Amino acid sequence: MSQEPYRLIGAPGWGSALVEAALALCDLPCVVEDVEVRASGPGRERLLRANPLGEVPTLVLPNGEVMTESAAIMLYLADIVPHAGLVPLMPGDRRTAFLRWLVFLVAAVYPTFTYGDVTSRYVSGEAAQEELRASTNAARRKLWSQLESAVSPAPWMLAGFTALDIYVTVMVHWRPGKAWFVANCPKLHAVAEAGLALPKLGAVWRRNNFIAAA
């Protein structure tokens, strides 16, 4: 009997690429539904029904249950497909480091985009909005530099592939951009290049415009 597919609501190049890649590594059937995250219309209405925050990734499980928050989804997938290697399973320094940096990415780095992308949600006036965008950009660069110091010898974050490497591979394509990582965080750039080279994820990266179509 074939398994019902997961349904991933997302947008090419956005955070839904994280979960799309993880599902591919887990060999789980997935139907991706692209929506205009910020534009009104049927797609956004569908997203809001599933996730009132209106954020991607939003994942509908085969049983109809909805999961949001990429870190929670990564931990869930590691529970059901442990051999995919998304999360270090054995207690010890590697698992401790994984949990630390996973939460760092979603609780420290990611919010700089939440507040900096659409500044008009949080402050009024052009000057204040420009200041918020500039301050979140500066904070993000400092956070990436902190993570750079934690990278193990190449090619992965923790001396072996984990979901952290998916995050780095996707997020280096966002502000401040790949050229900044090459110049300022070369180890993180190397992690991203290794992630882009994973054969199993080629189709995912192409669909999300991270590598050119074949």
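The questions below concern a predicted model, and each answer sets a value against its cut-off.

Q: Why is Tyr 110 called buried?
A: Tyr 110 has a relative accessibility of 18%. Buried means under 20%, so Tyr 110 counts as buried.

Q: How do you know whether Trp 174 is buried or exposed?
A: The relative accessibility of Trp 174 is 14%. Since the cut-off for buried is under 20%, Trp 174 counts as buried.

Q: What makes Tyr 110 and Trp 174 an aromatic pair, and why is the pair called edge-to-face?
A: The ring centres of Tyr 110 and Trp 174 are 5.8 Å apart, and the planes stand at 85°. Rings pair if their centres lie within 6.5 Å, and planes over 60 degrees apart count as edge-to-face; the pair of Tyr 110 and Trp 174 is therefore edge-to-face. Tyr 110 lies in helix α4 and Trp 174 in the loop between α6 and α7, so the pair ties together parts that are 64 residues apart in sequence. Tyr 110, Phe 113 and Trp 174 form one aromatic cluster.

Q: Why is the pair of Trp 156 and Phe 161 given its class?
A: The centres of the two rings are 5.2 Å apart and the planes are at 80°, so Trp 156 and Phe 161 form an edge-to-face pair. Trp 156 is buried, its relative accessible area being 14%. The structure holds eight aromatic pairs.

Q: What makes α5 and α8 roughly perpendicular?
A: The axes of helix α5 (residues 126-148) and helix α8 (residues 186-196) come within 8 Å and cross at roughly 80°. Angles of 65 to 115 degrees count as roughly perpendicular, which means that α5 is roughly perpendicular to α8. At this crossing, Trp 144, Leu 147 and Glu 148 of α5 meet Pro 186, Lys 187 and Leu 188 of α8. By class, the contact has four nonpolar, no polar and two charged residues.

Q: Why is helix α6 described as mostly covered?
A: In helix α6 (residues 163-171), nine of its nine residues are buried. Among them are Asp 165, Ile 166, Tyr 167 and Met 171.

Q: Which residues touch the most other members of the largest nonpolar core?
A: This core has 57 residues, and those touching the most other members are Leu 86, Trp 144, Met 157, Ile 166, Met 171, Leu 188 and Trp 205. Helix α4 (residues 93-117) gives the most to this core, with eight residues. A second, separate core of seven residues includes Ile 9, Val 37, Leu 47 and Ala 50.

Terms used. Residues are numbered from 1 along each chain as its sequence is written. This is a predicted model: local features need pLDDT of at least 70, side-chain atom pairs count only at pLDDT 80 or more; totals for chains, interfaces and linings use all residues. Side-chain values use heavy atoms; hydrogens and water are left out. A nonpolar core is a set of buried Ala, Val, Leu, Ile, Met, Phe, Trp, Tyr and Cys residues joined through side-chain atoms within 4.5 Å. Buried means under 20% relative accessible area, exposed over 50%, partly exposed in between (1.4 Å probe, protein chains only). Helices (H or I, at least four residues) and strands (E, at least two) are DSSP runs, numbered from the N terminus. Axes are lines fitted to C-alpha atoms, for helices over the stretch in contact, and angles run from 0 to 180 degrees between N-to-C directions. Angles under 35 degrees count as roughly parallel, over 145 as roughly antiparallel, 65 to 115 as roughly perpendicular and the rest as oblique. Contact means heavy atoms within 4.5 Å. Ala, Val, Leu, Ile, Met, Phe, Trp, Tyr, Cys and Pro count as nonpolar, Asp, Glu, Lys and Arg as charged, and the others, Gly among them, as polar. Rings of Phe, Tyr and Trp (its six-membered ring) pair if their centres lie within 6.5 Å; planes under 30 degrees apart count as stacked, over 60 as edge-to-face and the rest as tilted.
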